[in-house]
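Hi there,

Here is the structure I promised to pass on to you. Have a look at it first, and then read my notes below.

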Amino acid sequence: MRISRVTLYHLRMPMQSAFKTSFGSTMERECILLEASSEGLIGYGECVADRDPGYSYETAGTAWHVLTDFLIPEILKANLDSALELQKKIAHIRGHPMAKAGLEMVLWDLIGKRDGRSLQDLIGGVGDSVQVGVSVGIQDDQKTLVDVVEGYLRNGYERVKLKIMPGRDVEDVSAVRYAFPDLMLQVDANSAYDLESAKALFPMDEMDLLLIEQPLAEDDLWDHRQLQKKFTTPICLDESIGSERHARQALEMKACKVINIKPGRVGGLSQGIAIHNLCYQASIPVWCGGMLETGIGRAANLAIASLPGFIFPGDISATKRYYAEDITNEIFELNPGSSINVPNEPGLGVSVNSKALEKFTVKKTTIS
Ligand code: OSB
Ligand code: MG
């Protein structure tokens, strides 16, 4: 496929409610939508870099720079027929996995549309739907937290992830566990602890959690190994796994027992699939994380989450958990049984609502 033109849209989308994590609180989510023309087709991709470098060093600003000045010029007019060919062409551009992942998603959408095949079909996913949960931000107090969780349970979510940070950990989680003794529950610290402060988390080992996500620093596999030795509850790595190589090393080192796969974090769907394959071989469960995606990125997450090694429910909630209005015409809804359908139309299987796109665009550029 020859991509002749790429338009970037910097989006700012109002969220339904504030999302507070150990690295900050946000009421508006930013990202970059990529729109490419190739041989009469239009393909879309989402770059999940947000406004601030809180979750990762990448921001919508750095991704914009790297996409416009390096990545897009590199691939424009090249003949690309697979994600691996694309990755080879951009391999000399160091880092910037979210920018790369957005571009790779566009190519998958184009290939699927050309061949009349869904992304799920192209990558070998199975089933009509995938199991999902909801990621709940830090709330003002424990009563509010329990109420918010109860609301999501009423909506039908059967697995809940609680964001935690120092001072808002054991008591918050035990309040929710006490209120909902049988709930599938897990926590995510987004790197807010070190080995010393993580001692505060020991009581959580008795709270029947599915996993504890990313307690320590992003670049610290070794201390995660030290911490995992002290916990029966599986430690799950998110930020620390930037590539298949990191995943292999983390498993060899026993730094974790579960891996969260986000295509954006690891540089693209192809890289996410590679990590999935590695973990599947090793019988290590994986699950699909989220980055508060629009319907574009959500469609891709649903497809990858249908690979057989995605054992735990994904952070892929229904559209209305995030946005009153999305940029896709398709709205994702929660089925009874806490699942969401995997799109089965060609490519990502979603279409863009141009009115909504225009409304949320703060900056736009075309490269051809
Ligand atoms: O760490 O998993 C995370 C959202 C933004 C950045 C990082 C994370 C998250 C979430 C929400 O937990 C996942 C989602 O529902 O999209
Ligand atoms: Mg996480």
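Into which domains is the chain divided? There is domain 1, made of 5-116 + 350-367, and domain 2, which covers 121-341; these bounds come from an automatic or database domain assignment. The C-alpha centres of the two domains are 23 Å apart. Where they meet, 38 residues of domain 1 are in contact (heavy atoms within 4.5 Å) with 47 residues of domain 2.

A word on how to read all this: the model is predicted, and local features need pLDDT of at least 70, side-chain atom pairs count only at pLDDT 80 or more, while totals for chains, interfaces and linings use all residues. Residues are numbered from 1 along each chain as its sequence is written, chains are lettered from A and ligands numbered from 1 in the order in which they are written, and side-chain values use heavy atoms, with hydrogens and water left out.

Now for the ligand. Ligand 1 is surrounded by 15 residues (each with a heavy atom within 4 Å of it), and the closest are Ser 135, Asp 188, Asn 190, Leu 292 and Tyr 322. This shell divides into 5 nonpolar, 3 polar and 7 charged residues, where Ala, Val, Leu, Ile, Met, Phe, Trp, Tyr, Cys and Pro count as nonpolar, Asp, Glu, Lys and Arg as charged, and the others, Gly among them, as polar.

Polar contacts are pairs of N or O atoms within 3.5 Å. A polar side-chain atom of Tyr 322 is 2.6 Å from an oxygen atom of ligand 1. For Asn 190, a polar side-chain atom lies 2.8 Å from a ligand 1 oxygen.

Enjoy exploring!

Key. A polar contact is a pair of N or O atoms within 3.5 Å; within protein, one must be able to donate a hydrogen and the other to accept it, and residues adjacent in sequence count only if both atoms are side-chain atoms.
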